[in-house]
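Trainee: Could you take one part of this structure and go through it closely? I would like to see how the pieces around it connect.

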Amino acid sequence: MTGARQIGPTDVLLAVDVQNDFCSGGALAVPGGEDVVAPVNALLARFSNAVLTQDWHPAGHSSFASSHAGRRPYETVEAEYGQQVLWPDHCVRGTRGAAFHPALEVDRAQLILRKGFHPKIDSYSAFYENDRTTPTGLSAYLRERGLSRIVICGLATDFCVAWSALDARRHGFDVLIVTDACRAIDLDGSLAAAMGEMNEAGVQPVASHDLV
Ligand code: VGL
Ligand code: ZN
């Protein structure tokens, strides 16, 4: 079999934001978002190390268009830390939209990392908030557990998946992205841009059937 890659004891599966609000009928539905659940579950069954992230915003979060008078979702504003896309209200902590997709095999994960909980800072990456200086603690967690290669999947390819993959490379992890277990928002070419940046940074695309 060409392209087969062995899953080993120092590999960790990082499944990003497989939550109701990013699936059909959700507040920030990613096209085909729910289609990742089956491949992500199949991956969870094969990895002995797994981390899930959960987008987890307080009501009135600064990334919500509704928090900015006269602004609409998908417009951009200047936050204290730079450009920030405004989103529909989504993944409000404790709501059904913030819950994982009901079919996701959450029990297989050892860590659920919540992000985006600071009212004035968004957090796409699983490693750093969007101010690019506030860490989530994930890098130290993985290092302390001796995990050196991150296999990433989930939602959305061009935001939370890509930002996490790029930060993982900056922290010196090997990174694979499982393309069939991701779906994108694709806002103004954001998918092509994200794929280009990940390629440049050495994030390697892989199909889930090649991970054995
Ligand atoms: C995400 C936009 C806002 C994501 C989260 O999971 O990619 N995108 N919050
Ligand atoms: Zn969010």
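Mentor: Start with how residues are sorted: Ala, Val, Leu, Ile, Met, Phe, Trp, Tyr, Cys and Pro count as nonpolar, Asp, Glu, Lys and Arg as charged, and the others, Gly among them, as polar. By that sorting, the shell around ligand 1 holds 7 nonpolar residues, 2 charged ones and no polar ones. Keep in mind that the model is predicted. The residues around ligand 1 include Asp 17, Asp 55, Leu 155, Ala 156, Phe 159 and Cys 160.

The part to look at is strand β6, which spans residues 149–155. Of its 7 residues, 6 are buried, so β6 is mostly covered. Strand β1 (residues 11–16) runs parallel to β6, and 6 bridges join the two. In this pairing, Leu 13 stands opposite Val 151. β6 also pairs with strand β7 (residues 174–183), again in the parallel sense and over 6 bridges. There, Arg 149 stands opposite Asp 174. To get from β6 to β7, the chain passes through helix α3 (residues 157–170), and this β-α-β crossover is right-handed.

Now follow the chain out of β6. The peptide bond from Leu 155 to Ala 156 is cis, with omega near -15°. Ala 156 lies in the loop between β6 and α3.

Note on methods:
Residues numbered from 1 in each chain as written. Chains lettered and ligands numbered in written order. Predicted model: local features only at pLDDT ≥ 70, side-chain atom pairs only at ≥ 80, totals over all residues. Near = placed C-beta within 6 Å. Buried ≥ 20, exposed ≤ 12 C-beta atoms within 10 Å, placed from the backbone. Helix = DSSP H or I, 4+ residues; strand = E, 2+ residues; numbered from the N terminus. Pairing = 2+ DSSP bridges. Right-handed = clockwise from strand over helix to strand, strands pointing away.
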